[in-house]
Amino acid sequence: NHIIVNDSIVPETEAHVSYNDRGYHFGDGIYEVIRIYEGSYFALDAHLDRLYASAEKLDMRIPYQKETLAARLNDYKNTEKIENGSVYVQFTRGAGARNHLYTREETPVLTGFALPDKPMQASQEKGVSVYVTPDIRWLRCDIKTINLLGNVLAKRKASDHDCAEAVLYRDEAVTEGSSSNLFLVNNETLYTHPANNLILNGITRQEIISIAKNMGIDVVEEPFPKEVLAHAEEAFITSTSIEITPVHTFKGDVVATLSVGPVTRKLQQALAEHIHTQTSA
Ligand code: PMP
């Protein structure tokens, strides 16, 4: 297996980063997970745009043109002969003696590697349980930073209650999952939190909103309180890794069961078709 390290693609055993990397000291970095279907990256431009947007919001300058990074990711895909899988790509602000204060002289450090595909079919078919719990994250959840403590604690809590994912709420608003976005369906209408500073605007979320609108399904991007979860006809979570995964049970601070409904199924099928047309050009 190979790893992307800055300008090179090297065997795993030769991949080294400094213990002084600000990623270790402060979680000072950003990342993306990009899916490969049938030998092609899906939504590569959207992921790269979000990566560069995250960098800009954190006052980091990525030392490559987008096209150069895209070319490196394609080289990597070809080197590793990935037909179906995912690539994780991360920039930290770089290395320096530990100091909260960054200087803008640091050189960002790029690493990237393949992630194996997890089997998703059973949960996409049957649905999953999710654990509803407070959102303790900071106020810039729109930035895809590697600093994910609020997310990892929530995921652990969900798993401790036999749930596949945590669904987070802040004050009166359900925000998103610990590593996914959440949608509800009521009356043939989709409901999801607006893309502001309180959620990560998922690429999958954006694809689904546009697919739904094309199918004539109304989409309401407004905050709703957690009590609404108990009355949803359908619910599903979305991400690059889990695509559209139905929710059949809410546990934790909301308790409810629901069935996997027709709108979720229609959207799953439409997303699969969309991915197929986009990646089999
Ligand atoms: N929200 C959070 C907090 C996430 O970590 C993720 C996945 N990285 C998502 C939403 C979904 O984003 P995407 O569809 O771009 O994978």
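Here is a short chat about helix packing and the ligand shell in this predicted model.

Colleague: How many residues of the contact of H2 with H3 are charged?

Modeller: H2 brings Leu44, Leu48 and Tyr52, while H3 brings Lys66, Leu69 and Ala70. Of these contact residues, 5 are nonpolar and none is polar. The number that are charged is 1.

Colleague: How do H6 and H7 lie, roughly parallel or roughly perpendicular?

Modeller: H6 packs against H7 (residues 262–279) with the axes 10 Å apart, at an angle of about 110 degrees. On the H6 side, Glu207, Ile208, Ile211 and Ala212 meet Leu267, Ala270, Leu271 and His274 of H7. Given that angle, H6 is therefore, relative to H7, roughly perpendicular.

Colleague: Which element gives the most residues to the shell around the ligand?

Modeller: The ligand is surrounded by 14 residues, and the closest are Leu200, Gly202, Ile203, Thr204 and Thr240. Two elements give two or more residues to this shell: helix H6 (203–214) and strand E13 (234–239). With 3 residues, the one that gives the most is H6.

Colleague: And how many residues of that shell are polar?

Modeller: The shell around the ligand has 3 nonpolar and 2 charged residues. The count of polar residues there is 9.

Key:
Residues are numbered from 1 along each chain as its sequence is written. This is a predicted model: local features need pLDDT of at least 70, side-chain atom pairs count only at pLDDT 80 or more; totals for chains, interfaces and linings use all residues. Two residues are in contact if their C-beta atoms, placed from the backbone, lie within 7 Å. Helices (H or I, at least four residues) and strands (E, at least two) are DSSP runs, numbered from the N terminus. Ala, Val, Leu, Ile, Met, Phe, Trp, Tyr, Cys and Pro count as nonpolar, Asp, Glu, Lys and Arg as charged, and the others, Gly among them, as polar. A residue is near a molecule or strand if its C-beta atom, placed from the backbone, lies within 6 Å of it. Axes are lines fitted to C-alpha atoms, for helices over the stretch in contact, and angles run from 0 to 180 degrees between N-to-C directions. Angles under 35 degrees count as roughly parallel, over 145 as roughly antiparallel, 65 to 115 as roughly perpendicular and the rest as oblique.
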